There are 4 protein chains.
Amino acid sequence: MSVASQMLETSPAAPGYRSEDLVECIEACLACAQACTACADACLAEAMVAELRRCITSDLNCADLCQAAGGILSRQTAYMPEMTRVALTACRDACRLCADECEHHAEIHEHCRVCAEACRRCEQACERLLTL
Amino acid sequence: MSVASQMLETSPAAPGYRSEDLVECIEACLACAQACTACADACLAEAMVAELRRCITSDLNCADLCQAAGGILSRQTAYMPEMTRVALTACRDACRLCADECEHHAEIHEHCRVCAEACRRCEQACERLLTL
Amino acid sequence: MSVASQMLETSPAAPGYRSEDLVECIEACLACAQACTACADACLAEAMVAELRRCITSDLNCADLCQAAGGILSRQTAYMPEMTRVALTACRDACRLCADECEHHAEIHEHCRVCAEACRRCEQACERLLTL
Amino acid sequence: MSVASQMLETSPAAPGYRSEDLVECIEACLACAQACTACADACLAEAMVAELRRCITSDLNCADLCQAAGGILSRQTAYMPEMTRVALTACRDACRLCADECEHHAEIHEHCRVCAEACRRCEQACERLLTL
C-alpha cells in the first residue's frame, strides 16, 4: 500500500471522494509534476535545446499546477468542494496542453514520450474526479 | 523599481501582457501566497484553532495556486496564452473563495482581514489580465 | 518501472549518482512531502488539534524542503554537486526533526506513525547520497 | 507597510526574530525566488541558450530553496529554531552558488545581473538571521 494511501486511511477526516479515486489522482499529480520537472531538464540537455523552448516552458508550468493540485487533494479536512474543482480543472487543462506539446516531440525524444504519458494519466485522473 | 519589474525589463522575451499589468499581477500572486501561508500559521496560534480549520485549509490551498500562478506568469519565453489563462482562472477563483472564508473572521482576527485584502487584490489582478 | 525511473533513463544528461540511488531518493522525497502535507491535514482534523500545533508546523516545513530537494534531484543537466549537497543536507535534517516530532504522537495517531516512517526513509535516502 | 509585515504584526504567534529582520528575510526570499524563476526564463529566450544550461539549472534550484525558506520563515507558531536554521542555511548557500553563477554572465545579460543582486541580498538576509 502506498504512503499516500496509508495517509488517507489513517486520517480522521472524511474524504470528499472514494479513497481509491483520490489516491490515484494524488499519485498521478505527483508523478506528473516530477516527470515535467525532469522533462524540462532533459530538454535542456538536448543539442537542439533552442527548438525545445516551448516544451521546457510548458513542462515547468504544468509541474507547478500538478504540484498545487496534489497538495490540495491531500487536504481533506474542512473539505472545500469548489476549491478542489478549481484545482482539478486547472491541473487537467495544464496536463492536456503539456501532453499536446510533448507529443510533438515524442518520436524524437523518449523523455517527451514518457512525460506525455504521465500528463495524459493525470489529465484523466483529474477528469474522473471532476465527473463524479 | 521592484525586482520583478527589473527582471521583466531585462528579459529578451516579449511578454504576453503590458509590463505594468504583468508585474502587478505577479506581485499580487506572491504577496497573496505569503499572506495565506502566514494566515494559516496565525490561525493555528489562535486559542479557537478548532473553529478555524476551514480557514486554515482554505489558506493553504489558495497559497498553492497563487504560487503556481506567480511562477507561470514569470515565464514569458515561448508564451502560452491558454496555459496562462488556466493558471489565472484557477488563481482568481481560489482567491475569491479564500477571501470569502477569511472575511467571515475579519472582525475577530486582524490577520484574516489582512489576508482577505491580499486575496481580493490578487483576485482583481488576475481578473484584469483575463479580461484584456 | 516508475515514471521517475523512466524519466532518468530517457534523459541525455549524465546523472551525478547511480540511477537506482537517485530514483530511490527522488521518490522518498516526493512521498515524504505528500505524507507531511497529509499529516498536517490529519492533525488539523483531530479533536486535540490545539496540542498538535508543533506537529502541524513541523509537517508543513518538512514538506517544503522535501519538495525542493525532489525538484533539485530531478535536474541532472549541468549537474551542480554543491547545490545538490545543500538540498540533500537540508532535506535530511528536516526529515530527522519532523520524524522526531511525529514519533512523539505515533502511538496515539496512526497518521503520525506513517508520516514518521516516510520521514525516516527520506532521511536515510538523503544520507546515503551524501555519503557516496 | 508590506503585506508580510502586516501579517506578522497581526499574528498571535511570538516570532523567533525581531519583526523587521524577519520581514526583510521573508521578502528577500520571495523576491529571489521570483528573480530566479524569471532569470531561468530569460536565459531560455537568449540566442545562446545552449551556453546558459548551468545558469538555468542553478536558477531553478535556487528558486526552490528560496521558496521553501520563505514559507518556513512565514510560520512562527510552534517556532522550531533548528528547522529554521536548516532552511536558512540551505537558502543562504543556494543563493551564494546561484549568485556566483549569474555573476559570470552579468556583463552580457542584464537579467543575470539583476538576479545575482537578488541572490546576494537574500544570502545576506539569511546570514544575518543565522548570526543573531
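1. Confidence. pLDDT is the predictor's confidence in each residue, from 0 to 100. The structure under review is a predicted model, and on this scale chain A averages a pLDDT of 96. In chain A, 100% of the residues score at least 70. For the complex, the predictor gives an ipTM of 0.96, together with a pTM of 0.97.

2. Architecture of chain A. A reader new to the structure may begin with the secondary structure of one chain. Chain A contains five helices and zero strands. Read from the N terminus on, its elements run α-α-α-α-α.

3. Dimensions and packing of chain A. Taken along the principal axes, the C-alpha atoms of chain A fill a box of roughly 50 × 30 × 20 Å. The radius of gyration of chain A is 15 Å, which agrees with the value near 14 Å that a compact globule of 132 residues would have. Of the 132 residues of chain A, 67% count as buried. Among contacts in chain A with a separation of 6 or more, 69% are accounted for by residues 24 or more positions apart.

4. Helix H3 of chain A. Helix H3 of chain A covers residues 53-73, which gives it 21 residues. From its first C-alpha to its last, this helix reaches 30 Å, close to the 30 Å expected at 1.5 Å a residue. How far is H3(A) enclosed by the rest of the structure? H3(A) is largely enclosed, because 19 of its 21 residues are buried.

5. Relation of chains A and C. Two copies of a chain are related by a rotation about an axis and a shift along it. For chain C laid on chain A, the turn is 180°, the shift along the axis is 0.0 Å, and the RMSD is 0.0 Å. That is the relation of a two-fold axis. Which residue of chain C comes closest to the rotation axis? Leu30(C) does, with its C-alpha at 3.7 Å.

6. Interface of chains A and C. Here 32 residues of chain C are in contact with 32 residues of chain A. On the side of chain C that touches chain A, the elements giving two or more residues are helix H1 (3-10), helix H2 (19-45), helix H3 (53-73) and helix H5 (110-131) of chain C. H2(C) gives the most to this side, with twelve residues.

7. Relation of chains B and D. Chain D can be laid on chain B by a turn of 180° and a shift of 0.0 Å along the axis, with an RMSD of 0.0 Å. Of the residues of chain D, Leu30(D) comes closest to the rotation axis, its C-alpha being at 3.7 Å. The same surface serves both copies, as 100% of the contact residues of chain D recur in chain B.

8. Interface of chains B and D. Contact is made between 32 residues of chain D and 32 residues of chain B. At least two residues of the side of chain D that touches chain B are supplied by each of helix H1 (3-10), helix H2 (19-45), helix H3 (53-73) and helix H5 (110-131) of chain D. H2(D) provides the largest share of that side, twelve residues. The residues of the side of chain D that touches chain B comprise 17 nonpolar, eleven polar and four charged.

9. Ala118(B). This residue lies in helix H5 (residues 110-131) of chain B. Is Ala118(B) buried or exposed? Ala118(B) counts as buried because it has 29 C-beta neighbours inside 10 Å, the cut-off for a buried residue being 20 or more. Leaving aside its neighbours within four places in sequence, Ala118(B) is in contact with Ala31(B), Cys32(B), Ala35(B) and Val3(D). The C-alpha atoms of Ala118(B) and Leu52(B) are separated by 19 Å, and the two residues are 66 residues apart along the chain.

10. Glu117(B). Glu117(B) is also found in helix H5 of chain B. With 19 other C-beta atoms within 10 Å, Glu117(B) is partly exposed. Glu117(B) and Cys102(B) are 15 residues apart in sequence, and their C-alpha atoms are 9.2 Å apart in space.

Definitions and conventions:
Residues are numbered from 1 along each chain as its sequence is written. Chains are lettered from A and ligands numbered from 1 in the order in which they are written. This is a predicted model: local features need pLDDT of at least 70, side-chain atom pairs count only at pLDDT 80 or more; totals for chains, interfaces and linings use all residues. Helices (H or I, at least four residues) and strands (E, at least two) are DSSP runs, numbered from the N terminus. A residue is buried if 20 or more other C-beta atoms lie within 10 Å of its own, exposed if 12 or fewer, and partly exposed in between; C-beta atoms are placed from the backbone. Two residues are in contact if their C-beta atoms, placed from the backbone, lie within 7 Å. Copies are superposed by least squares on the C-alpha atoms of residues with pLDDT of at least 70 in both. The expected span of a helix is 1.5 Å times one less than its number of residues. Ala, Val, Leu, Ile, Met, Phe, Trp, Tyr, Cys and Pro count as nonpolar, Asp, Glu, Lys and Arg as charged, and the others, Gly among them, as polar. The radius of gyration is taken over C-alpha atoms; the globule rule is 2.2 Å times the number of residues to the power 0.38.
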